[in-house]
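These are my notebook entries on what I looked up in one structure. I begin with one chain, turn to single residues, and end with the other chain.

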Amino acid sequence: MKKCLPAIIIALALLTGCNGNTRGNNADAVRQTTVKQINGLISADSNNSKKADGQSNVKEYTKPEMEGEISISAMSEQEFMTIAANRFMAMYPRVKVNINAYRGLAKDAGERPSNEYNTENYRNFLNTKIMTGKAEDIIFTAHLPAKKYVDMGVFEDLSNFLSNSKEINADNYFMNVLEASRDEEGKLYMLPLVCSFQVISFDSRLVSENKSKLDGGLKTINFEDASVFAQQLLSGTGKKNAYLTQGDAAYYLNYILKDKRKQFVDIEQKRTNIDTDKYVEILNQVKNLADKSFFAAKNSIDFYNMEYYFAFRVQQDIQAAFNSLDSSTGDCNALPLSDADGNVYANPNYSIGINSASKNKEMAWEFVKFLLSDEIQSSPSFYGLCVNKKGFEASIVRNLKLFGGDRGNVSKEEYKNLLENWVMQVNAYDNFDPVIYDFFAEENGKFFEGKQSAKETAQILQAKVNKYLNE
Amino acid sequence: MAKSDRIPVIMLSVSILGFSFFYLFPFAFSFIYGLVDNPISMRFVGIKNFVDLLHNQYFLLGLKNTAVFMLISIPLNIVLSLTIALIINKLTLYGNIFSLIFLIPLVIPSATTAFFWQNIFSPFGIINKFLHVFGIKGADWLQSEYGMFAMVVIFLWKNIGYNMALYISGLSSIPGQYYECASVEGADGFWKFSQVTIVYLIPTSFLVLIMTFVNSFKVFKEIFILTGEYPHDSLYVLQHYMNNMFMSLNYSKLVSAVYILTVVIIFFVAGMFRIENKASSRLQY
């Protein structure tokens, strides 16, 4: 034993350096915002006894005694969260809502995170809290590898909560969006608060001079089909400064891969199929387009002095709908972007889940319902289209005004109808792992910089993604 | 307890308490994680995690690479640092300056050296430019099967100075009379080296071996900074696996890996102590 003791001590000393996180968790970086606490008592609604379920075992759901504390985790605090927390606490004075935002209050939606507050550090920070049982009751899923979290049992299945909340129905909500993340077993771990998706539109000036037209019966379009049509538009124009898209080759490739990602990465089965001729061919095709000047050279765009034509572009729903209806913007044939199988994905950036280890699941659900309520969803602090239909209506009015609809170019009815039609196309939830996206962006970027060949890129990606999924 | 033993025991108990509280107890308690499916649901699965781990291709890859890296780098480090120590020990001029030069890598932070190594091993780096002069096609050293070579070079650069200092200290503690006596007996340089220097350096060599073994785990830091969480297969070591398990919340696999590694390290270090004890017992000063 005497001889073994030094060996044990050395082994432990070695391992203390092995099992730790190599990057700081920045515990101090969290800005905990205790919104406010108002004392008083509101009686619980004891009549509301519906069936609810924490895990798979069904149990009666009773609206909880509205007293205690709930916490919310998010990468950055949004205005609507603060408003909702304040109003919720005003409604239930014995409830305290804490918003723990990693980056503090998001002052500007376009604000880029500093290195210290990047998404990777946020994930590390949240992971530590989850593993020590100190994670918040409600977790905003933006920037998180949601699938891995679901597999680890981090999120509570919300199916029963949802089915027991009769006010959340197709009359009041876009259920196709709300339930877009439901898995094959019928479990629902994340709820989007906003209907956000991408839309492709074409340059009306190039379309008008082109003989071939896009099929008028299309309800959605995938990126590759859009690209084929856009290339036809370019080949049929004599205009100078006409390019495929405003982004560069890497941007274009990113969308092409989104189209076909299931062919290359099967997250469910933990299989990768990247090191193939197909992937190499795609890389070379995009490189070929770049070499043939289908994309504007880096830093060459000069909007002040030159006129440019971009055959097609990808925009967010609300902007794209307005542009496609306002003839002065030069956009036409706008359609929701689908993948190669025709699925239109709801953006996960405004989704929430309830921590399965939360001791206040019922109260957390009450807050989630409040976030989905007419009152909060109609709030001007929501950017985008709300899943609540009254909130949706309010966001139509708000966005129309924002984009200059009060000039009379676009009527509220046509704007609303178009967006409603598009929202109804949403049938899937984009829970593709952001870590894998980062791998693709990094390695494809090196390919375009000439640091590695297409074959090497495919091999490196295959190895990386495979390790990530199967470690 | 004898009075003379009290002070050492009191002094040691503070250290033992700290070690137990911060390392031993958490390590022992973490074993529970190895027996459950994950730390959230905490469903008991017996030794399934350990069995799965021994069939996990990436754990085995990390284990293999760690072992190969140690088998190459530890002997190389010991031989090179001893050679340099012997040369510096013979120098009558500038010996201290050379010692200092070899110790410089120890004080340079890993993050700072990453840029330097990137410039050496990148596809457009110094090695490839040098090879290009002779018409030899280079490689992306950190993304190829030559990755292990890069890892060994980085390790040697960082650690030779430390071991060299230990050997210089060991060499200076060998009594000069032994060499004089050997010379009187007509021994040549090789005999003196093999029968005096090497023999009396056994305790130092053991210390060097243990320290090199410990430091060989630390090369992960530089490799991680250079290549991230998912490097080329040739650079993937056990710490990558464990770090990635931590990042992906898989504490069960992490703990299983740690315990398997602990068993391996305990056997290795215990074996080393045994050999050293036997070898040292024959030494007479």
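**Entry 1: chain B as a whole**

I first looked up the contacts of chain B, where a contact means heavy atoms within 4.5 Å. Among contacts in chain B between residues at least 6 apart in sequence, those joining residues at least 24 apart make up 70%. I note that this is a predicted model, in which local features need pLDDT of at least 70 and side-chain atom pairs count only at pLDDT 80 or more, while totals for chains, interfaces and linings use all residues. Residues are numbered from 1 along each chain as its sequence is written, chains are lettered from A and ligands numbered from 1 in the order in which they are written, and side-chain values use heavy atoms, with hydrogens and water left out.

I then listed the elements: helices (H or I, at least four residues) and strands (E, at least two) are DSSP runs, numbered from the N terminus. Chain B has 13 helices and 0 strands. Along the principal axes, the C-alpha atoms of chain B fill a box of roughly 75 × 75 × 30 Å.

For burial I used relative accessible area, with a 1.4 Å probe and protein chains only: buried means under 20%, exposed over 50%, and partly exposed in between. Chain B has 285 residues, and 46% of them count as buried. Its accessible surface comes to about 15,500 Å², and 71% of this belongs to carbon and sulfur atoms. Such areas come from the Shrake-Rupley method with a 1.4 Å probe; for residues, only the protein chains shown count as cover.

I also counted charges, with Lys and Arg as positive and Asp and Glu as negative, leaving out His and the chain ends. Chain B carries 16 positive and 12 negative side chains, and the centres of the two sets lie 5 Å apart. The place of a charge is taken as NZ of Lys, CZ of Arg, CG of Asp or CD of Glu.

**Entry 2: the cavity**

Rolling a probe the size of a water molecule over the atoms shows where empty space is left. On a 1 Å grid over the protein atoms alone, a cavity is a set of points where a 1.4 Å probe fits but cannot get out, and lining residues have an atom within 4 Å of a point. Grid points are joined across faces, edges and corners, and a volume is the space filled by probe spheres set on the points. I found 1 cavity of 30 Å³ or more. The largest cavity has a volume of about 40 Å³. Its lining consists of B:Thr66, B:Phe69, B:Met70, B:Ser216, B:Phe217, B:Val219, B:Val237 and B:Gln239. Helix H4 (57-90) and helix H11 (202-227) of chain B are the elements that give two or more residues to this lining.

**Entry 3: a residue inside a helix**

Is B:Asn159 buried or exposed? B:Asn159 counts as buried because its relative accessibility is 8%. It sits in helix H8 (residues 147-172) of chain B. Beyond its neighbours within four places in sequence, B:Asn159 is in contact with B:Asn77 and B:Asn215.

**Entry 4: where the chains touch**

I next looked up B:Ser248, in the loop between helix H12 (238-247) and helix H13 (251-281) of chain B. B:Ser248 is buried, since its relative accessible area is 13%. Which residues does B:Ser248 contact, leaving aside its neighbours within four places in sequence? They are A:Lys148 and A:Met152.

With a relative accessible area of 26%, A:Gly153 is partly exposed. Not counting residues up to four places away in sequence, A:Gly153 touches A:Ser356 and B:Ile40.

**Entry 5: chain A**

Chain A has 17 helices and 20 strands. Of its 471 residues, 53% count as buried. Chain A exposes about 20,900 Å², and carbon and sulfur atoms supply 47% of that area.

A:His143 has phi near 75° and is found in the loop between strand E6 (138-140) and helix H4 (146-151) of chain A. A:Asn333 has phi near 50° and lies in strand E16 (residues 331-338) of chain A. A:His143 counts as partly exposed at 33% relative accessibility, and A:Asn333 is partly exposed at 32%.

Terms used:
1 Å grid on protein atoms, 1.4 Å probe; cavity = no way out; pocket = protein on both sides within 12 Å on 5 of 7 lines; lining within 4 Å.
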